[in-house]
Amino acid sequence: MGGNALKHHNVVRLSANDYHTLAADLLTKLYQHFPNNDWLVIPAYNNKESFGDIDILYSGNISFELLLPI
């Protein structure tokens, strides 16, 4: 989305190290809560210094209404 999705909210970019740590923690939690579903963090450019979001690919049969509010 090029930074437009959350442009009206107070968000911060994460360093590459913090991004990878958060992505791994997030996948762990998703698999713990929804073990019969598949989750994948979409790979990003390896040389990015910072990240503004995490793109996740989901395959399964849960209702996302169960996940809201975040």
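Biologist: Where is D38 found?

Modeller: D38 is found in strand β2. Strands here are DSSP runs of E, at least two residues, numbered from the N terminus. This is a predicted model: local features need pLDDT of at least 70, side-chain atom pairs count only at pLDDT 80 or more, and totals for chains, interfaces and linings use all residues. Residues are numbered from 1 along each chain as its sequence is written, and side-chain values use heavy atoms, with hydrogens and water left out.

Biologist: Is D38 buried, partly exposed or exposed, and why?

Modeller: Buried means under 20% relative accessible area, exposed over 50%, partly exposed in between (1.4 Å probe, protein chains only). D38 has a relative accessible area of 49%, so D38 is partly exposed.

Biologist: Which residues of β2 lie on the covered face, and which on the uncovered one?

Modeller: In a regular strand the side chains alternate between the two faces of the sheet. In β2, W39 and V41 form the covered face. D38 and L40 form the uncovered one. L40 counts as partly exposed because its relative accessibility is 43%.

Biologist: In which sense do β2 and β4 pair?

Modeller: Two strands pair if DSSP finds at least two bridges between them. β2 and β4 (residues 56-59) pair in the antiparallel sense, over four bridges. V41 stands opposite I56 in β4.

Biologist: Which residues does D38 touch?

Modeller: Contact means heavy atoms within 4.5 Å. Not counting residues up to four places away in sequence, D38 touches Y31, L57, Y58 and S59. The C-alpha atoms of D38 and G60 are separated by 6.2 Å, with the two residues 22 apart along the chain.
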